[in-house]
Amino acid sequence: GNEHFRNQCLEQIITVHLFAKLGEELKLEETEAFADNLAHAKREILAQMALGEAMKDITVSEEEAKEYYKANENQFMAGETVHAKHILVDDEDKCQEILEKIIGEETTFEDAAKEFSTCPSKEKGGDLGAFGRGQMVKEFEDAAFAAEVGHVVGPVKTQFGYHLIKVEDKKDAETSVYEDVADTIKNIILQQKRNDVYGNKIAELKEKYVEKLMQSEKIFQKEYVEEHIFIGLQRSGQEEIEKQNTEFDGIEKYLYFRINTEGDAFITAKVNQSYWEKAEVSVQEAWSLAEKNINKESFVMGLAEYIAEKYGKDMATMLFPNQTPFYVVTNKSEYRGASAILNKKMLSEFGRKYNINKVVVIPSSIHEMLILSADILELERMEELTKMVQDVNANEVLVKEQLSDRAYILDI
C-alpha cells in the first residue's frame, strides 16, 4: 500500500516537471497570462507570509482556556434537542389523508413513512435522528420543538413540501464539561488573538496609506470613485458606515475603497457616512458604480474546477475524486468576493445554463460563497450544511471575516 502511494506521488511529481518543461518549450512564461498569474501568486504568497509572520508567536495555554470556560460557562450549554420522524409529500390534501389514516390507526407513522414519504429517510420509517435549533428549516424546526412527545403534528409547509412530524424524544439544554469543549475554547481564544493582531496590523497599514490619500483629497474625486469603489458583505452590526441590508438575514452590504499600495497590492477602507460631505458623487451614484465594479469581477465556477485552476488538476482530483455539486461564487481578486452573490444577472445565467431555479447559499467567508442546487438537497442535509459553516468558522476563518452561522435558500 505504502509503496503504491509513493509511486503515485513520484508519478505526479514527474508529470508536473514534464509539463513545466513543455511550458518552457512553448515559451508560455513570456505570455501576458503567465505574468498575470505570477504577479497574483506573488501577491498571495507575500500576503500569507506577512500574515503568518505577524501571527507566528500566538499561543493559547491550558490556564487561559480554563479561565475562559469559568467566565463563559453559559456559552457552552449543549442546546436542547428533538428526536423526530417525518413524512414528506408534495400535496397538502394527501398529507392530511395520511394523517387521518394514522389517527384512525389504519397504519402506523413508520409504515406510512415507508409507503408515502418522498424523503430518503422513509427507509428508516422517517427517522431524522436528534437535531438542535438551526439545523432544520425554520418552519420544520418550530413545529418539531413545539410538538409534544409521541404526538403527530402537521401538515407543516416548507420549501420541500408538506410534512407530518412525530417527536420521539426531547432533551433540555445542559452545560458541557470542560474536557468536551476544551479544543473549541482554545480555537475561540486563538481566533480572538489572531483577530486582534490582524486588526492592529490593518489599522497600522490604513494609517500609512489611507490617511495620505485622504489628505490629497484624490479619494473624493469622481474618477477615483469610478475605478476604486466596491461592495463588500459582513455580519450585520452597529458600525457607522455606508451600508444596506441584504436578502440574507444577518448579513449587510457596505461600500469600500480598494486603495493601491506598493506593486499590485492593495488595502481596503470602508466608506463612512461623513465621506459624502466632500465626495463628488451622490450616495446613490456610488452604490451604482460599486455594483458595476463587482459585476465586472464576479464569477461562478464549479468547486473542483476552481481548485484545479488554483492548485492544479492533481490537487482537485485528490480532493474530489467524484463529481461535487458545489460551486464557488467570488471575484477575480478573491478578496471580499462574497459580494459576487449579489450579481443577479450572473446567477440567472448560471441557473439557465444548469436548469437550476433555486440554490442553497453557504457563506464560506467575506471572500467567497459556496452554492449548490436546492433541488438535490434533502431535508436532513440542512444539518450537515449548518455544521459545515460552523466548523469552517471555528477552525478556518478569522472572526472579522465570518459572515454567518447558517445557510440560505435563494431564488435565482
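Biologist: What is the volume of the second largest pocket?

Modeller: The second largest pocket comes out at about 1000 Å³. Keep in mind that this is a predicted model.

Biologist: How many residues line that pocket, and which lie nearest its centre?

Modeller: The lining has 29 residues. Nearest the centre are Gln75, Met77, Thr184, Gln390 and Ala394.

Biologist: Which elements give two or more residues to the lining?

Modeller: Strand E1 (77-78), H7 and helix H13 (381-395) do. H7 supplies the largest share, eight residues.

Biologist: And the lining by class, what is in there?

Modeller: There are 15 polar residues, seven nonpolar and seven charged.

Biologist: Back to H7. How do the axes of H3 and H7 cross?

Modeller: H3 spans residues 62-71 and H7 spans 178-216. Their axes come within 9 Å and cross at roughly 105°. That makes H3 roughly perpendicular to H7.

Biologist: Which residues meet there?

Modeller: From H3 you have Glu62, Glu64, Ala65, Lys66, Tyr68 and Tyr69. They meet Tyr178, Val181, Ile185, Lys186, Ile188, Ile189, Gln192 and Lys193 of H7. By class, the contact has eight nonpolar residues, five charged and one polar.

Biologist: Zooming out. How many helices and strands does the protein have?

Modeller: It has 13 helices and 15 strands. The C-alpha atoms fill a box of roughly 80 × 60 × 55 Å along the principal axes.

Biologist: What share of the residues is buried?

Modeller: Buried residues are 40% of the 412 in the protein.

Biologist: And contacts, what share joins residues at least 24 apart?

Modeller: That share is 68%, counting contacts between residues at least 6 apart in sequence.

Biologist: What is the phi of Glu105?

Modeller: Glu105 has a positive phi of about 60°, and it is not a glycine. Glu105 lies in the loop between helix H4 (92-103) and helix H5 (109-116).

Biologist: Is Glu105 buried or exposed?

Modeller: Glu105 is exposed, because its relative accessible area is 71% and the cut-off for exposed is over 50%.

Biologist: What about Asn355, what is its phi?

Modeller: Asn355 has a positive phi of about 55°, and it is not a glycine. Its place is the loop between helix H12 (344-354) and strand E13 (358-365). At 64% relative accessibility, Asn355 counts as exposed.

Biologist: Next, Gly132. Where does it lie?

Modeller: Gly132 is in strand E3, residues 127-132. Its relative accessibility is 10%, so Gly132 counts as buried.

Biologist: What does Gly132 touch, leaving out residues up to four places away in sequence?

Modeller: Gly132 touches Glu80, Thr81, Glu141 and Phe145. Val82 is 50 residues from Gly132 in sequence, with 6.5 Å between their C-alpha atoms.

Biologist: And Ala173, what does that one touch on the same terms?

Modeller: Ala173 touches Met77, Ala78, Gly79 and Glu80. It sits in the loop between strand E5 (161-171) and strand E6 (174-175).

Biologist: How exposed is Ala173?

Modeller: Ala173 counts as partly exposed, at 40% relative accessibility.

Biologist: Two more. Where is His228 found, and is it buried or exposed?

Modeller: His228 is in helix H8, residues 222-228. It is buried, because its relative accessibility is 9% and buried means under 20%.

Biologist: Which residues contact His228, beyond neighbours within four places in sequence?

Modeller: They are Tyr256, Phe257, Arg258, Asn260 and Asn293.

Biologist: Last one, Ile307. Where does it lie?

Modeller: Ile307 lies in helix H10, residues 303-311. At 11% relative accessibility, Ile307 counts as buried.

Biologist: What separates Ile307 from Glu285?

Modeller: Along the chain they are 22 residues apart. Their C-alpha atoms are separated by 36 Å.

Definitions and conventions:
Residues numbered from 1 in each chain as written. Predicted model: local features only at pLDDT ≥ 70, side-chain atom pairs only at ≥ 80, totals over all residues. Heavy atoms only, no water. Axes fitted to C-alpha atoms, helices over the stretch in contact; angles between N-to-C directions. Helix = DSSP H or I, 4+ residues; strand = E, 2+ residues; numbered from the N terminus. Parallel < 35°, antiparallel > 145°, perpendicular 65-115°, else oblique. Contact = heavy atoms within 4.5 Å. Nonpolar A, V, L, I, M, F, W, Y, C, P; charged D, E, K, R; others polar. 1 Å grid on protein atoms, 1.4 Å probe; cavity = no way out; pocket = protein on both sides within 12 Å on 5 of 7 lines; lining within 4 Å. Points joined across faces, edges and corners; volume = space filled by probe spheres on them. Buried < 20%, exposed > 50% of the residue type's maximum accessible area, 1.4 Å probe, protein only.
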